[in-house]
Amino acid sequence: MIGFSRTITQVIVVLSIALSSPAQAPTSRSPQGKPADDDGTLRAFAAIHPIDVHVHVFKTDPVFQKMLERLNLKLLDILVMDDTNPHRKQLRPQIDDALALVRSGAGHIALCTTFDPYKFDSASFSADAVKQIDHDFAQGAVAVKVWKNIGMEIKDRSGQYIMADDPTFEPIYRAIASHGKTLMTHQGEPDVAWGPPDASDPSWSYYQENPQWYVANRPGFPSKQRILEARDHVLAENPQLRMVGVHLGSMERNFDNIARHLDKYPNFAIDTAGRMEYLMLMPPEKMRAFLIKYQDRVLYGTDLDLLADANLSDVLKDWQSTYARDWKFLATDETLNVEGKQVHGLNLPQPVLQKIFRSNAVRWIPGL
Ligand SMILES: [Zn+2]
């Protein structure tokens, strides 16, 4: 799992969404508050020609492709190097498979490539990475991903965790900017990874399944602040580089902090991947005001995946119910029942929805 891919099990196990009182609801709520069926919801979602900027797809499938066509949906398929996952250990096969997927997707799938950070200590690391991403751009890749293993896993020869602002990465960032492409950064983890166990946190179940990323009480482990400061340093040093901080820029519990970052770094935007539940935890008027104020800086993403051995009918259900839920939350004034809790839809204005679900993706990730 890359962020919080929602397997069916996880959907069942997950999250507690805070109760927001009716007094906190947007004023334009319909009197009935009656949930529409998913079909109608998905038709409204499809009408905006949505782009999901954060998925992990490992196989082509005609039924899956049909869903993309039915929903007028475009995906950004993101590659990650992960030495703990057999499907993600090797870069070349991942790129080749993804390019085949893009070709078979008939315009519905684009590629966010990556480079191999485990080769960090090689003398030709930067040059090799630049050459490889240049090649991937020539093949149509529109973005490059940096993952949390930088900052939280990989160490240099001296035993120090490497950080995103290590000068070794700088030629890579410059190459991305010079091609007019976009850097997608997943740096750090949710706060709960550094904190005491908290079953009420939407991300908690992830650490039960992936304890290697739960870093509380690990002596010498970098603080989240240090990791995000390194990310911010990249933003400051590379004003020509567009960066999308995925998973709400890993600032999922602090929208004031996200706002400060968006104000300070004009080259920074965020995606919502795997963190929609945190938006749902916020008081609705506060969340609505944030999304309207920063309507040009938020990209819709899910972190949904399609694994090679997945049961396709489960996958389709999972994907469509996620899109229906997210559309209801952002676009309607319905009251959603999420894990037994009442969540009020934000009923965002149509032009804002158009940006979040589509045009911000096109503007921040040219080529999509
Ligand atoms: Zn992801």
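Helix α11 (residues 255-264) has buried residues that pack against α9 (224-237), α10 (246-249), β7 (268-271), α12 (276-281) and α13 (284-293). Those buried residues are Phe255, Asn257, Ile258, Ala259, His261 and Leu262. Buried means under 20% relative accessible area, exposed means over 50%, and partly exposed lies in between (1.4 Å probe, protein chains only). Contact means heavy atoms within 4.5 Å. Helices (H or I, at least four residues) and strands (E, at least two) are DSSP runs, numbered from the N terminus.

This is a predicted model, where local features need pLDDT of at least 70, side-chain atom pairs count only at pLDDT 80 or more, and totals for chains, interfaces and linings use all residues. Residues are numbered from 1 along each chain as its sequence is written, and side-chain values use heavy atoms, with hydrogens and water left out.

Look at the start of α11. There, a side-chain oxygen of Asn254 comes within 3.2 Å of the backbone nitrogen of Asp256.

Now turn to the metal. Which protein residues are donors of the zinc ion? They are His54 (NE2), His56 (NE2) and Asp303 (OD), at 2.1 to 2.2 Å from the ion. Donors are N, O and S atoms within 2.8 Å of the metal (3.2 Å for Na, K and Ca); water is not among the atoms, so sites may look incomplete. Along the chain, the donors of the zinc ion follow the spacing H-x1-H-x246-D. His54 sits in strand β1 (residues 51-57), while Asp303 sits in the loop between β8 (298-299) and β9 (304-306). The pair is 249 residues apart and links distant parts of the chain. His54 counts as buried because its relative accessibility is 0%. Asp303 also counts as buried, at 0% relative accessibility.

Next comes Asp326, in helix α14 (residues 312-331). Is Asp326 buried or exposed? Its relative accessible area is 1%, so Asp326 is buried. Leaving out residues up to four places away in sequence, Asp326 touches Met276, Met280, Tyr300, Thr302 and Phe357. Thr41 is 285 residues from Asp326 along the chain, yet their C-alpha atoms are separated by 9.8 Å.

The structure holds two cavities of 30 Å³ or more. On a 1 Å grid over the protein atoms alone, a cavity is a set of points where a 1.4 Å probe fits but cannot get out; lining residues have an atom within 4 Å of a point. The second largest cavity has a volume of about 50 Å³. Its lining includes Met81, Phe115 and Trp147. Elements β4 (143-146) and α6 (149-152) each give two or more residues to that lining.

Conventions
Polar contact = N/O pair within 3.5 Å; in protein donor to acceptor, adjacent residues only side chain to side chain. 1 Å grid on protein atoms, 1.4 Å probe; cavity = no way out; pocket = protein on both sides within 12 Å on 5 of 7 lines; lining within 4 Å. Points joined across faces, edges and corners; volume = space filled by probe spheres on them.
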